[in-house]
Amino acid sequence: MALAVALPILSGAGSHLHAQHLLVPMDRGQSDHLRAYGLTYAVIERGEAAEWLLNFRDGAFLLPDRTWIRREAAVLGVRVEAVDGAEVATIRDTMARGDMEAVLLEAAPRIAVYTPPNSPPWADAVTLVLEYAGIPYETVWDAEVLEGRLPDYDWLHLHHEDFTGQYSKFFQAFAATPWLREEVARNTEMAERFGYDDVPELKRAVAEGIRSFVMGGGFLFAMCSATETLDLALASHGTDITASFANGRPPDPDAASRMDWDRALAFQGAQPQLSASVNAFSDIDTHQVNTSARRALGSFALFEFSARADPVAAMLVQNHQAVIPDFYGLTTAFAADRLKPGSTILAREGNRVKYVHGSAGEGSWTFYGGHDPEDAEHQVGDAPTRLELHPNSAGYRLILNNILFPAAKPRPLKT
Amino acid sequence: MSTERTMSTVSNVGKGVALGLAPALALALGMALALFPSTVAAGPAAAAGEALEGSDPERIVARLADAETRGEAEEELLVWIRELPPERASLWLRLAAAVDRLPPDQVGAAAHAVLLSDPVFEADPVRQVAAARELRDAALELHPSGQPVLLALAAHLLEPEAPGEALDLRRRYLAGGFEGPEAGEVVMAVARALLDGPAPVDGSTGVSDEAPADEARRILEEFLEGAPEHPMAPEARRLRALAVRAGEGS
């Protein structure tokens, strides 16, 4: 049965049955997990076949044996193992005996990162790892979203954005800093340029554009405050949840009862934080890092998923480490009782959900709480993480799982 | 060196390399660890004292230049190095690591050039550069098989006062395809020089068709392809990332 299932992948290049492959192990024997994703991305970007071996050696990749791939692996420091046809057959037999599945990786996704054109005083974990792994991406911001250019991409990343238009509520602490003043000026100019009365209204329109992107088949990966504020912006279209410093008006005291959670992607029933002096967005976030109710960090555990019955979830949790130390963000983790039913929880610590995936329309979204997996208590102005010091980061692997996920073509399940 | 000492040296060199030491330094330390116990074990403490008594770098250099006393001088050198502060020790360790690989008729010149480069003994950069250039000239006249150590040493000695000439020599080293213990260090030095800004122009005769960032990237990738697990591979990858970024920005 294993060979009958495997043959469709090999039949497209029958002679490869006797050719060598390169196995990229992703267990603790791998020297650089993060760049292994970059190597695999480079392979499929050049039109070569690659397979993701879910649950085999912690999500290994099987690449064709080419001189340029071997060279690239050496240059990047990625450990690869040459395997011949017999060894590949043994691998497939092993996979068939366990809950493992090979997923074909096809076209490399076109990646966009939503980021303002200035230089914020903190780093973005996703752009850091894309740069480190050598995975190309383009940047977009409000103009590109509002001009309808998101369909040019397959994969969109959002990070420490505040789609409620309140500048992450940094006003009280950083009002005099040049970077925040520049951010206010830039956003105000954008609102005026596109005819919006204020920045919260602009950001809500951008949130709607992102929602449309997902509904139309796009893949959305959001971290940190983008997760929570995106849905707050979408759900608050009929009310006002923003502080007066953002739009000159006080928020609607009954906003919570007027939220339209049907518009949101992941959350429902949350209580928005209407006080301007409380640096939090809602009770979706379980850690409230910048408030007096700050919760201490723990560790979150990845769930295991059947590679055959649930290949999507299995792809997103491939890792060489099952329990990962937690890390703060403006949104650190999500209250389990604020998640809509139907989403798939991928990692949690008790009732604090760290990593969750769901579908919306033709597309899908993944939310991952926290700012930087290797900087547990990142402060504004801190130096960015140096990933060459964390080539085996389990937390960063979860980000990269999402990068390759759109390239995967899971086998149709037999009914 | 005896077979026993060689084996001991090889073992200690392996440990040094595993610790991430530059191969040349690891070799020198390996020699020191192998030789010193033997020196002590060869007789009573007086034997070690005799090796140390009256040691000074000028005397050691003179004895290195003499083929008949070279072996003992190597031992004395390693013992004397142990007393030096790190900034001086690294220079003399480089010589100690190179002696066995230098053409015999160049050992004296190399040792003399190193002596002139030691800030405690000579503060005349003109004489230092002249001596280093003599080494360079001697290296260029040698058969390629005898060149690598002298090229690398001459480049190191030229670098403070004539970085352009040092870069040229290192480029010659790389063009020669040499793979000695100093190869990694040479690659890193060339890459850093190319990435640090405009190429030094003092007396530089080397002309490359490639943009500096592209050249840096090429030599780093060639190095990594040949030695992906070399102790200097992480640094090579870091420099390569800088070269890629610099190349994209140009």
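**Exercise 1.** Which residues in H5(B) meet which residues in H6(B)?

*Solution.* Keep in mind that this is a predicted model. Start on the H5(B) side, where Leu77(B), Leu78(B), Trp80(B) and Ile81(B) take part. Their partners in H6(B) are Arg88(B), Ala89(B), Trp92(B), Leu93(B), Leu95(B) and Ala96(B). Now sort these residues by class: the contact has 9 nonpolar, no polar and 1 charged residues.

**Exercise 2.** Work out how H5(B) and H6(B) are oriented, and with which hand they cross.

*Solution.* Take the angle to begin with: H5(B) and H6 (residues 86–98) of chain B pack at about 160°, with their axes 10 Å apart. Angles over 145 degrees count as roughly antiparallel, so H5(B) and H6(B) are roughly antiparallel to each other. As for the hand, H5(B) passes H6(B) in a left-handed crossing.

**Exercise 3.** Turn to the pair H4(B) and H5(B), and describe their geometry and their contact.

*Solution.* The axes of H4 (residues 57–65) and H5 (residues 70–81), both of chain B, come within 8 Å and cross at roughly 150°. That makes H4(B) roughly antiparallel to H5(B). The crossing of H4(B) past H5(B) is left-handed. Next, list the contact: H4(B) brings Pro57(B), Arg59(B), Ile60(B), Arg63(B), Leu64(B) and Ala65(B). From H5(B) come Arg70(B), Glu72(B), Ala73(B), Glu74(B), Glu76(B), Leu77(B) and Trp80(B). By class, the residues of this contact divide into 7 nonpolar, no polar and 6 charged.

**Exercise 4.** Are H10(B) and H11(B) roughly antiparallel or oblique to each other?

*Solution.* Here the axes of H10 (residues 163–175) and H11 (residues 183–195) of chain B come within 10 Å and cross at roughly 130°. H10(B) and H11(B) are therefore oblique to each other. Their crossing is left-handed. Among the residues that meet are Leu167(B) and Tyr173(B) in H10(B), and Val186(B) and Val190(B) in H11(B). The residues of this contact divide into 10 nonpolar, no polar and 2 charged.

Conventions:
Residues numbered from 1 in each chain as written. Chains lettered and ligands numbered in written order. Predicted model: local features only at pLDDT ≥ 70, side-chain atom pairs only at ≥ 80, totals over all residues. Heavy atoms only, no water. Axes fitted to C-alpha atoms, helices over the stretch in contact; angles between N-to-C directions. Helix = DSSP H or I, 4+ residues; strand = E, 2+ residues; numbered from the N terminus. Parallel < 35°, antiparallel > 145°, perpendicular 65-115°, else oblique. Left-handed = near helix turned anticlockwise from the far one by under 90°. Contact = heavy atoms within 4.5 Å. Nonpolar A, V, L, I, M, F, W, Y, C, P; charged D, E, K, R; others polar.
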